[in-house]
Amino acid sequence: MALAAYRHLLRSTRIAFQGDTQILHAARFQAREAFRKNSAMQQGDPALGPAITHAEEVAKILRENVVQGKRVDKEGEEIYKLRIHEHTERGDNDTVKMPNGQTVVIDGKKCSDR
């Protein structure tokens, strides 16, 4: 399971940071270091499950929620071109229209829950 999570994480870095070699290398270095730090965990270690879950969640966020933008100067204007790919999560921003004081609850959790 750890190897699959590691592969998912590397794949997600490639998707999120495609075309940005410097950030791609830094993200992959970070992933390698995190997995090396936990490489001594044994199969029955109670911390193994949460570590794998964390890696899978990071991979999901990178794949679905990270969008890179590149500044393009066009006729004196600052314009940013976003690289939105097929895996990018798209929403309708309905939560922006909610009255103040209301919170969004997804799967029984609020954003502030951790």
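In which sense do strand 1 and strand 2 pair, and over how many bridges? Select residues 68-74 for strand 1 and residues 77-83 for strand 2: the pairing is antiparallel and runs over seven bridges. Keep in mind as you look that this is a predicted model. To pick out one bridge by eye, show Gln 68 together with Arg 83, its bridge partner in strand 2.

**Stop 1: the turn**

Now move to the end of the pair where the chain turns back. Strand 1 and strand 2 make a hairpin, with two residues between them. Select Glu 75, which sits in the loop that links strand 1 to strand 2. Its phi is near 55°, a positive value in a residue that is not glycine. Is Glu 75 buried or exposed? Its relative accessibility is 79%, and exposed means over 50%, so Glu 75 counts as exposed.

**Stop 2: the whole chain**

Zoom out and colour by secondary structure. Among the 114 residues of the chain, 18% count as buried. If you draw contacts with a separation of 6 or more, 50% of them involve residues 24 or more positions apart.

**Stop 3**

Next, select Ala 31, Ala 34, Phe 35, Asn 38 and Ala 55. Of the 21 residues that line the second largest pocket, these lie nearest its centre. The elements giving two or more residues to this lining are helix 1 (2-16), helix 2 (21-37) and helix 3 (48-65). The space in the second largest pocket is about 440 Å³. What kinds of residues make up the lining of the second largest pocket? Colour them by type and you get 15 nonpolar, five polar and one charged.

**Stop 4: a histidine after the strands**

For the last stop, follow the chain past strand 2 and select His 85, in the segment after that strand. Why does His 85 count as buried? Its relative accessible area is 10%, and the cut-off for buried is under 20%, so His 85 falls on the buried side. Show what surrounds it: beyond its neighbours within four places in sequence, His 85 is in contact with Ile 15, Arg 63, Val 66 and Arg 90.

Terms used. Residues numbered from 1 in each chain as written. Predicted model: local features only at pLDDT ≥ 70, side-chain atom pairs only at ≥ 80, totals over all residues. Heavy atoms only, no water. Pairing = 2+ DSSP bridges. Helix = DSSP H or I, 4+ residues; strand = E, 2+ residues; numbered from the N terminus. Buried < 20%, exposed > 50% of the residue type's maximum accessible area, 1.4 Å probe, protein only. Contact = heavy atoms within 4.5 Å. 1 Å grid on protein atoms, 1.4 Å probe; cavity = no way out; pocket = protein on both sides within 12 Å on 5 of 7 lines; lining within 4 Å. Points joined across faces, edges and corners; volume = space filled by probe spheres on them. Nonpolar A, V, L, I, M, F, W, Y, C, P; charged D, E, K, R; others polar.
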